[in-house]
Amino acid sequence: MNLALWIAAGLLAAVALAGGIIKLVVPLEKVAATSGGEWTEDFGAGFIKALGVLEILAAVGLILPAVLDIAPVLVPVTAVCWVVLMIGAMIVHLRHGGVKFAVVNLLYIALAVFIAWGRFGPHSFTA
């Protein structure tokens, strides 16, 4: 189970890192022009960049606290924060008719819930 939790955290961290880098580096017009990027037209560039920073921080928070053994409780806390972020993403995607993107967000939520359950519960780093 510990291995499954690490794999889930690694996958979710990779998703968060990729999404964060895209939001920080790719011009907003290019993001808006991609499939599923229509939602960016409702928000300013600063907000999109802030989301990118949050996603990069999530990627860090899912891995580094456990690897460095410094406040490993931050791993499940980060997973819970990711759930909240993805609920918001689902709502925004559904407003723009992006049902398939909302389903992808639901998969990310499931991974994050699994990590939070495992790391707060039976496979806690402090146990």
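Predicted model: local features only at pLDDT ≥ 70, side-chain atom pairs only at ≥ 80, totals over all residues.
**View 1**
The structure holds one cavity of 30 Å³ or more. The space inside the largest cavity comes to about 30 Å³. H1 supplies the largest share, three residues. Rolling a probe the size of a water molecule over the atoms shows where empty space is left.

**View 1. The salt bridge between Lys23 and Glu55.**
One salt bridge is found in the structure. Its partners are Lys23 and Glu55, with the closest N and O atoms 3.1 Å apart. Lys23 sits in helix H1 and Glu55 in helix H3, so the pair ties together parts that are 32 residues apart in sequence. Lys23 and Glu55 are both buried. Side chains of opposite charge can pair when their charged atoms come close.

His93 belongs to helix H4, which covers residues 74-95. Its relative accessibility is 13%, so His93 counts as buried, the cut-off being under 20%. Neighbours within four places in sequence are left aside here. Beyond them, His93 is in contact with Gly36, Trp39, Gly98, Phe101, Ala102 and Asn105.

Technical notes. Residues numbered from 1 in each chain as written. Heavy atoms only, no water. 1 Å grid on protein atoms, 1.4 Å probe; cavity = no way out; pocket = protein on both sides within 12 Å on 5 of 7 lines; lining within 4 Å. Points joined across faces, edges and corners; volume = space filled by probe spheres on them. Helix = DSSP H or I, 4+ residues; strand = E, 2+ residues; numbered from the N terminus. Buried < 20%, exposed > 50% of the residue type's maximum accessible area, 1.4 Å probe, protein only. Contact = heavy atoms within 4.5 Å. Salt bridge = Lys/Arg side-chain N within 4 Å of Asp/Glu carboxyl O.
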